Amino acid sequence: MPGFKAVKITEDVFWVGAIDWNIRDFHGYSTHRGSTYNAYLILADKITLVDTVKAPFKEELMSRISSVIDPKKIDIIISNHTEMDHSGCLSEIIRETEPDKVYASVMGVKGLNEHFSIEKEIIPLKSGDELSLGNMTLAFTETRMLHWPDSMFSYLKERKLLFSQDAFGMHMASDERFADELPADLLEFEGATYYANILLPYSQLVLNLIEKLKASGMQLETVAPDHGPVWRGQGISHIIGRYQDWATQKPTMKAVIVYDTMWKSTEKMARAIEEGLLEGGAKVKSIHMGASHRSDVAFELLESGAFVAGAPTLNNNLFPSMADVLTYIKGLKPKNLVGAAFGSYGWSGESAAQVDAYLKEIGVETVAEPLKIKWVPNAEAIEKCRQLGLAIASKMKEKM
Ligand code: FEO
């Protein structure tokens, strides 16, 4: 194992995580830039490790810790999140480092014990609890369902440093450890993609938490998430502001058309709807599922106002790629969207109604009955599609 180095992120605090350059699928989310599993070492009187890493990266974690201290000197381990990208090697780390105490949130204790056989007692922490590290103090806030029941923030008071676990993170492997070392458009794209694919269903909780943090007067000089770069300086208020924007889901004049096609008829419909939307003043992002990933759709829907979905009928059913993306988006629970369903068919034509049912389950306000066109759309059918685009654009304007 190469001699990996820890990276100092502020006085007495080091990043000791792992870089996963190769991961391309994170429970259904396409991580085309890889990821990092961040863990942090606090060199307080009581040496404290905050989170661990995914199991195959244990040696990288140990190597980075060893570049600063003997791992056996770790006194305390804090688990902010039970998901296995942060706890997968926790049992082994406990066995090898023999810390005095291991802590997690109330739900974290339950979650960790249900995932692993951990012989050592894990001590529960509640919101408002504080833990003395001797010369420093950690304060804890449970952040239930952001995005797991066990999720917790740990705040190092003396360094004004928030360990925010998955929140404010992104899946991006890089050798840069700070957000201000990376291009702003890359951070925006990967941060939004992460929010859309991981945190969107919990947007009201995100808004509540940000209000709570602001009301608490918590001062922040560093925000250290469990994935991607560390935020400091002005980057902190920027990413918190963007979280508020993404969580609010204010409708825009951007429409997202998502479709698949067998013999290009549904695609012709999509193109004609697009023309109508453009004519009606909308901006359009058109996504062919044969050439795209479901997590790209989640990203595009994040700051949009319309979700228009189309599928051909295959064997009396919805085209499989559309069933995939609609199921995925349903789970993400986007809000404040209008839209419509469409699709071509040969003899039975169930798909448009099935897409429409999905849209309604998602909560999309549909502006028309599902539009189904037999075989190849003729001029009259194309005009119907264009009119549908115009109707969607008109409804989008009402919602602005
Ligand atoms: Fe990065 Fe929810 O695990």
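I take two strands as paired if DSSP finds at least two bridges between them. The model I consulted is a predicted one.

**Entry 1: strand β20 and its neighbours**

I looked up the pairing of β20 with β23, the strand of residues 338–345, and found that the two run in the parallel sense over 5 bridges. Within β23, A340 is the residue that stands opposite V308.

I then turned to strand β18, residues 254–259. Its pairing with β20 is likewise listed as parallel, over 5 bridges. I noted A306 of β20 as the bridge partner of A255.

**Entry 2: burial of β20**

How many of the residues of β20 are buried? I found 5 of 5 for this strand, which spans residues 306–310 and is mostly covered.

**Entry 3: helices α6 and α7**

I next examined the packing of α6 (residues 203–216) against α7 (residues 234–248). The helices meet at an angle of about 145 degrees, and their axes lie 8 Å apart. I recorded the crossing of α6 and α7 as left-handed.

Which residues make the contact? From α6, I listed S203, V206, L207, I210, E211 and K214. From α7, I listed I240, Y243, Q244, W246, A247 and T248. By class, I noted 7 nonpolar, 3 polar and 2 charged residues in the contact of α6 with α7.

Definitions and conventions: Residues are numbered from 1 along each chain as its sequence is written. This is a predicted model: local features need pLDDT of at least 70, side-chain atom pairs count only at pLDDT 80 or more; totals for chains, interfaces and linings use all residues. Side-chain values use heavy atoms; hydrogens and water are left out. Axes are lines fitted to C-alpha atoms, for helices over the stretch in contact, and angles run from 0 to 180 degrees between N-to-C directions. Helices (H or I, at least four residues) and strands (E, at least two) are DSSP runs, numbered from the N terminus. A crossing is left-handed if the near helix is turned anticlockwise from the far one by less than a right angle, and right-handed if clockwise. Contact means heavy atoms within 4.5 Å. Ala, Val, Leu, Ile, Met, Phe, Trp, Tyr, Cys and Pro count as nonpolar, Asp, Glu, Lys and Arg as charged, and the others, Gly among them, as polar. Buried means under 20% relative accessible area, exposed over 50%, partly exposed in between (1.4 Å probe, protein chains only).
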